Amino acid sequence: MNLTAIRDAEQIVARHFGESLFAAVHLYPSGSLPPGASLKPASCSLVDIGSGAGFPGLPIGVWAPGLHTTLLESNQRKSTFLREVVRCLGLAQLDVLTGRAEALAQNISKVGPGAGAGAAYETTESAAAAGALPAAELTVTLRAVEHFEDILPVAVKLLHHFYATSRRLGLLIGEAQVAAAHQLAPAVQWSGAIAIPQSSQRVLLIGNLT
(Lines give C-alpha, C1' and ligand atoms only; values in the text may rest on other atoms or scores of the structure.)
Protein backbone atom coordinates (compact mmCIF):
# COMPACT_ATOMS: atom_id res chain seq x y z
CA MET A 1 0.00 0.00 0.00
CA ASN A 2 3.10 2.21 0.01
CA LEU A 3 2.32 3.52 3.49
CA THR A 4 5.93 4.47 4.17
CA ALA A 5 9.03 4.99 2.06
CA ILE A 6 11.14 3.27 4.72
CA ARG A 7 11.49 -0.46 4.10
CA ASP A 8 14.10 -1.54 6.66
CA ALA A 9 12.42 -2.99 9.77
CA GLU A 10 14.90 -1.47 12.24
CA GLN A 11 14.55 1.95 10.62
CA ILE A 12 10.76 1.65 10.78
CA VAL A 13 10.97 0.95 14.52
CA ALA A 14 13.43 3.79 15.16
CA ARG A 15 12.05 6.43 12.81
CA HIS A 16 8.31 5.86 13.00
CA PHE A 17 7.57 4.17 16.32
CA GLY A 18 10.57 5.62 18.14
CA GLU A 19 9.87 9.23 17.15
CA SER A 20 6.17 8.87 17.89
CA LEU A 21 6.72 7.40 21.36
CA PHE A 22 9.41 10.02 22.04
CA ALA A 23 6.77 12.67 21.37
CA ALA A 24 4.23 10.76 23.47
CA VAL A 25 6.52 10.70 26.50
CA HIS A 26 7.08 14.47 26.32
CA LEU A 27 3.45 15.36 25.60
CA TYR A 28 1.94 12.93 28.12
CA PRO A 29 4.59 11.92 30.69
CA SER A 30 4.08 8.36 31.94
CA GLY A 31 0.87 8.25 29.91
CA SER A 32 -0.62 10.66 32.44
CA LEU A 33 -3.82 12.53 31.67
CA PRO A 34 -5.93 14.97 33.70
CA PRO A 35 -7.92 13.29 36.53
CA GLY A 36 -11.02 11.55 35.19
CA ALA A 37 -9.88 11.75 31.55
CA SER A 38 -10.55 8.07 30.99
CA LEU A 39 -14.14 8.60 32.19
CA LYS A 40 -14.60 11.77 30.15
CA PRO A 41 -13.09 11.16 26.67
CA ALA A 42 -13.78 14.77 25.62
CA SER A 43 -11.62 16.17 28.43
CA CYS A 44 -8.33 15.48 26.67
CA SER A 45 -8.02 15.27 22.88
CA LEU A 46 -5.41 15.03 20.17
CA VAL A 47 -5.77 15.69 16.44
CA ASP A 48 -3.00 14.23 14.28
CA ILE A 49 -2.81 16.04 10.93
CA GLY A 50 -1.67 13.95 7.96
CA SER A 51 -1.41 10.69 9.89
CA GLY A 52 -0.31 8.63 6.88
CA ALA A 53 0.51 5.21 8.30
CA GLY A 54 -0.60 6.42 11.72
CA PHE A 55 2.41 8.30 13.04
CA PRO A 56 2.61 9.83 15.54
CA GLY A 57 -1.10 9.59 16.42
CA LEU A 58 -1.47 5.81 16.77
CA PRO A 59 1.51 5.23 19.10
CA ILE A 60 0.52 8.28 21.16
CA GLY A 61 -3.01 6.89 21.46
CA VAL A 62 -1.64 3.55 22.65
CA TRP A 63 0.71 5.28 25.10
CA ALA A 64 -2.09 7.40 26.62
CA PRO A 65 -5.20 5.19 26.43
CA GLY A 66 -7.45 7.78 28.09
CA LEU A 67 -6.73 10.26 25.31
CA HIS A 68 -9.33 10.81 22.59
CA THR A 69 -7.32 10.79 19.36
CA THR A 70 -8.47 11.76 15.87
CA LEU A 71 -6.27 10.67 12.96
CA LEU A 72 -6.80 13.09 10.07
CA GLU A 73 -5.70 11.68 6.70
CA SER A 74 -6.73 12.89 3.24
CA ASN A 75 -5.71 9.72 1.37
CA GLN A 76 -8.67 7.33 1.26
CA ARG A 77 -6.47 4.23 0.97
CA LYS A 78 -4.41 5.20 4.00
CA SER A 79 -7.44 6.15 6.07
CA THR A 80 -8.99 2.76 5.27
CA PHE A 81 -5.80 1.12 6.54
CA LEU A 82 -5.93 3.23 9.71
CA ARG A 83 -9.53 2.23 10.39
CA GLU A 84 -8.58 -1.43 10.08
CA VAL A 85 -5.68 -0.98 12.52
CA VAL A 86 -7.95 0.79 15.01
CA ARG A 87 -10.54 -2.00 14.66
CA CYS A 88 -8.01 -4.84 15.02
CA LEU A 89 -6.36 -3.29 18.08
CA GLY A 90 -9.67 -2.39 19.70
CA LEU A 91 -8.69 1.25 20.19
CA ALA A 92 -12.08 2.68 21.08
CA GLN A 93 -10.66 6.13 21.81
CA LEU A 94 -9.26 6.58 18.29
CA ASP A 95 -11.24 7.95 15.35
CA VAL A 96 -10.13 8.22 11.73
CA LEU A 97 -11.29 11.19 9.68
CA THR A 98 -10.76 11.24 5.92
CA GLY A 99 -10.11 14.78 4.76
CA ARG A 100 -7.69 17.66 4.65
CA ALA A 101 -6.86 19.96 7.53
CA GLU A 102 -7.74 22.95 5.33
CA ALA A 103 -11.27 21.60 4.80
CA LEU A 104 -11.72 20.93 8.50
CA ALA A 105 -10.55 24.44 9.35
CA GLN A 106 -12.99 25.85 6.79
CA ASN A 107 -15.86 23.85 8.28
CA ILE A 108 -15.01 25.12 11.74
CA SER A 109 -14.95 28.69 10.41
CA LYS A 110 -18.44 28.21 8.96
CA VAL A 111 -19.94 27.22 12.29
CA GLY A 112 -18.02 30.00 14.00
CA PRO A 113 -15.31 30.24 16.64
CA GLY A 114 -16.37 29.05 20.06
CA ALA A 115 -19.22 26.94 18.69
CA GLY A 116 -17.22 23.84 19.51
CA ALA A 117 -15.58 21.44 17.13
CA GLY A 118 -18.45 18.99 17.42
CA ALA A 119 -20.60 21.08 15.10
CA ALA A 120 -17.79 21.28 12.58
CA TYR A 121 -17.09 17.56 12.73
CA GLU A 122 -20.72 16.82 11.99
CA THR A 123 -20.34 18.60 8.65
CA THR A 124 -17.72 15.96 7.74
CA GLU A 125 -18.05 12.22 7.18
CA SER A 126 -17.18 11.31 10.78
CA ALA A 127 -20.06 12.15 13.10
CA ALA A 128 -18.46 9.81 15.62
CA ALA A 129 -15.64 12.29 16.10
CA ALA A 130 -18.11 14.94 17.21
CA GLY A 131 -17.76 13.83 20.80
CA ALA A 132 -14.03 14.46 20.81
CA LEU A 133 -14.28 18.16 21.53
CA PRO A 134 -14.65 20.63 23.22
CA ALA A 135 -11.81 19.54 25.43
CA ALA A 136 -10.06 20.66 28.56
CA GLU A 137 -6.83 20.10 26.68
CA LEU A 138 -6.29 19.90 22.93
CA THR A 139 -3.06 18.96 21.20
CA VAL A 140 -2.51 19.06 17.43
CA THR A 141 0.40 17.02 16.10
CA LEU A 142 2.20 17.40 12.79
CA ARG A 143 5.02 15.27 11.42
CA ALA A 144 7.20 15.62 8.34
CA VAL A 145 4.36 16.69 6.05
CA GLU A 146 4.87 18.20 2.63
CA HIS A 147 4.32 21.94 2.23
CA PHE A 148 5.14 22.63 5.89
CA GLU A 149 4.86 26.39 5.30
CA ASP A 150 1.26 25.96 4.17
CA ILE A 151 0.00 23.40 6.68
CA LEU A 152 1.41 24.90 9.90
CA PRO A 153 -0.79 28.06 9.73
CA VAL A 154 -3.77 25.75 9.14
CA ALA A 155 -2.87 23.79 12.28
CA VAL A 156 -2.74 27.04 14.24
CA LYS A 157 -6.12 28.03 12.80
CA LEU A 158 -7.56 24.73 14.04
CA LEU A 159 -6.29 25.51 17.52
CA HIS A 160 -7.85 28.98 17.39
CA HIS A 161 -11.29 27.65 16.53
CA PHE A 162 -11.40 24.54 18.67
CA TYR A 163 -12.78 25.30 22.09
CA ALA A 164 -10.31 24.15 24.76
CA THR A 165 -8.83 25.64 27.88
CA SER A 166 -5.33 24.48 26.92
CA ARG A 167 -4.22 24.30 23.28
CA ARG A 168 -0.81 23.26 22.02
CA LEU A 169 1.14 22.03 19.00
CA GLY A 170 3.55 19.12 18.85
CA LEU A 171 5.79 19.14 15.76
CA LEU A 172 8.19 16.40 14.69
CA ILE A 173 10.31 18.30 12.19
CA GLY A 174 13.82 18.92 10.94
CA GLU A 175 16.03 21.26 12.92
CA ALA A 176 16.18 23.61 9.93
CA GLN A 177 12.39 24.11 10.15
CA VAL A 178 12.40 25.46 13.72
CA ALA A 179 13.03 29.06 12.64
CA ALA A 180 10.23 28.80 10.08
CA ALA A 181 7.85 27.52 12.76
CA HIS A 182 8.57 30.58 14.91
CA GLN A 183 7.94 32.90 11.96
CA LEU A 184 4.81 31.15 10.71
CA ALA A 185 3.16 30.86 14.14
CA PRO A 186 3.96 34.01 16.17
CA ALA A 187 0.90 33.45 18.39
CA VAL A 188 2.40 30.20 19.65
CA GLN A 189 4.73 30.25 22.64
CA TRP A 190 7.39 27.72 21.68
CA SER A 191 9.55 25.79 24.10
CA GLY A 192 13.10 24.86 23.20
CA ALA A 193 13.50 22.27 20.45
CA ILE A 194 14.21 18.79 21.85
CA ALA A 195 16.66 16.70 19.81
CA ILE A 196 15.31 13.28 18.86
CA PRO A 197 17.80 10.52 19.81
CA GLN A 198 19.44 8.55 16.97
CA SER A 199 18.08 10.90 14.34
CA SER A 200 19.74 13.17 11.84
CA GLN A 201 18.91 16.73 12.96
CA ARG A 202 15.30 15.99 13.80
CA VAL A 203 13.58 17.62 16.76
CA LEU A 204 10.37 17.74 18.74
CA LEU A 205 9.00 21.27 19.01
CA ILE A 206 6.14 21.94 21.44
CA GLY A 207 4.24 25.21 21.62
CA ASN A 208 1.24 26.57 23.49
CA LEU A 209 -1.28 28.88 21.88
CA THR A 210 -1.27 32.09 23.90
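## First stop: helix α1

Begin by selecting Gly18, because a kink of about 35° in α1 is centred on that residue, where the bend at a residue is the angle between axes fitted to the seven residues ending there and the seven starting there. What you are looking at is a predicted model, in which local features need pLDDT of at least 70 and side-chain atom pairs count only at pLDDT 80 or more, while totals for chains, interfaces and linings use all residues. Residues are numbered from 1 along each chain as its sequence is written, and side-chain values use heavy atoms, with hydrogens and water left out.

Now widen the selection to residues 9-27, which form helix α1; helices (H or I, at least four residues) and strands (E, at least two) are DSSP runs, numbered from the N terminus. The helix has 19 residues and reaches 26 Å from its first C-alpha to its last, close to the 27 Å expected at 1.5 Å a residue, the expected span being 1.5 Å times one less than the number of residues.

At the N-terminal end of α1, select Asp8, which caps the helix with a side-chain oxygen that lies 3.2 Å from the backbone nitrogen of Glu10. Then colour the buried residues of α1, which are His16, Glu19, Ser20, Phe22, Ala23, Ala24 and Leu27; buried means under 20% relative accessible area, exposed over 50%, and partly exposed in between, with a 1.4 Å probe and protein chains only.

How many aromatic pairs does a search of the whole structure find? The search finds 1, where rings of Phe, Tyr and Trp (its six-membered ring) pair if their centres lie within 6.5 Å, and planes under 30 degrees apart count as stacked, over 60 as edge-to-face and the rest as tilted. Select Phe17 and Phe55, whose ring centres are 4.9 Å apart and whose planes stand at 80°, so the pair is edge-to-face. Phe17 belongs to helix α1 and Phe55 to the loop between β1 (44-49) and α2 (57-63), so the pair ties together parts that are 38 residues apart in sequence. Phe17 counts as partly exposed at 38% relative accessibility, whereas Phe55 is buried, with a relative accessible area of 11%.

Pro56 lies in the loop between β1 and α2.

Select residues 68-73, which make up strand β2. Here 6 of the 6 residues are buried, so β2 is largely enclosed by the rest of the structure. In a regular strand the side chains alternate between the two faces of the sheet. His68, Thr70 and Leu72 point one way from β2, and Thr69, Leu71 and Glu73 point the other way.

β1 and β2 pair in the parallel sense over 5 bridges, and two strands pair if DSSP finds at least two bridges between them. To see one of these bridges, select Ile49, whose partner in β2 is Leu72.

Next, select residues 94-98, strand β3, which is mostly covered, with 5 of its 5 residues buried. Leu94, Val96 and Thr98 point one way from β3, while Asp95 and Leu97 point the other way. β2 and β3 run parallel and are joined by 5 bridges; Thr69 has Leu94 as its bridge partner in β3.

Thr139 and Gly207 are 68 residues apart in sequence and 9.6 Å apart in space, C-alpha to C-alpha.

Glu137 is also found in strand β4, and at 17% relative accessibility Glu137 counts as buried. Its side chain makes a polar contact with the side chain of Arg168 (3.3 Å); a polar contact is a pair of N or O atoms within 3.5 Å, and within protein one must be able to donate a hydrogen and the other to accept it, with residues adjacent in sequence counting only if both atoms are side-chain atoms. Arg168 also lies over the face of Tyr28, at 5.1 Å from the ring centre, where a charge sits over a ring if NZ of Lys or CZ of Arg is within 6 Å of the ring centre and within 35 degrees of the ring normal.
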